[in-house]
Amino acid sequence: TALLAGDLVLARRELLDPKLDNVAEALLWRGVLFARLHDWPVAAKQFLEGRSLLRFYREPFKTRFALLAARASLETDDPGRALRYLNLVRRGKTMDGERTEAAYLRGRALQADGGSAAALVLWERAIKQGTGPARLEAEIARIALLTKQGKMARKDAIAKLESLRFQWRGDDIEFDVLRLLGRIYLANAEYLKEIGRAHV
């Protein structure tokens, strides 16, 4: 109840009670707790230990938990497990924002396994049809990949990211935009420096 209400301090105190260490359902909820805290290694471990119950959960908890578990797997470099969690997300039975998040995360998992083309298809669909913060996450991921592949000019990437900065403020998405912007600005500065040297 504390976790659902957003009281992470109380939720942590209750869920980390040693008496719950061997209770599979408690381990699953611990995974949710640590995902909310962005402690991805611990979250991934707890989800893994409580995964046997996840498929039997009712909605909306199964989808919400599966998305968090998939994200934890991706943040700990396990795209294969992320895809298995995403397979629990019921197609057509989820909210628009959840479908967008599932597409974004599936794209990340596919990209990590070498499926960049398939990832771009998912992200482009999420950008055009999706809702919620995952739509912006998909756009950031698309820009990063296209820039890396040399299919998007740095100036175009910078313009798009500068625009995104003002669409979502004050959380991890804004930080992701700024981090990618910084990398592109630095790369562009090095490129301009090399051009300058070539003309000396």
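Student: Which residue forms a salt bridge with Arg142, and how far apart are the closest N and O atoms?

Tutor: Arg142 forms that salt bridge with Glu124, and the closest N and O atoms are 3.5 Å apart. A salt bridge here is a side-chain nitrogen of Lys or Arg within 4 Å of a carboxyl oxygen of Asp or Glu. Arg142 lies in helix H8 (residues 133-148) and Glu124 in helix H7 (residues 116-129), so the pair ties together parts that are 18 residues apart in sequence. Glu124 itself is partly exposed, with a relative accessible area of 31%, where buried means under 20% relative accessible area, exposed means over 50%, and partly exposed is in between (1.4 Å probe, protein chains only).

Before we go on, please keep in mind that this is a predicted model, in which local features need pLDDT of at least 70 and side-chain atom pairs count only at pLDDT 80 or more, while totals for chains, interfaces and linings use all residues. Residues are numbered from 1 along each chain as its sequence is written, and side-chain values use heavy atoms, with hydrogens and water left out.

The setting of this pair is a chain with ten helices and zero strands, where helices (H or I, at least four residues) and strands (E, at least two) are DSSP runs, numbered from the N terminus. Of the 200 residues in the chain, 41% are buried. The structure holds eleven salt bridges, and the bridge between Arg142 and Glu124 is one of the pairs that we can follow by name.

Two further pairs connect helix H4 with helix H6. In one of them, Arg64 and Glu98 form a salt bridge whose closest N and O atoms are 4.0 Å apart; Arg64 sits in helix H4 (residues 61-75) and Glu98 in helix H6 (residues 96-112), 34 residues apart, and the pair links distant parts of the chain. Arg64 is partly exposed at a relative accessible area of 38%, whereas Glu98 is buried at 12%.

In the other, the side chains of Glu75 and Arg108 meet in a salt bridge at 3.2 Å, N to O. Because Glu75 lies in helix H4 and Arg108 in helix H6, this pair ties together parts that are 33 residues apart in sequence. Glu75 counts as partly exposed at 36% relative accessibility, while Arg108 is buried, with a relative accessible area of 19%.
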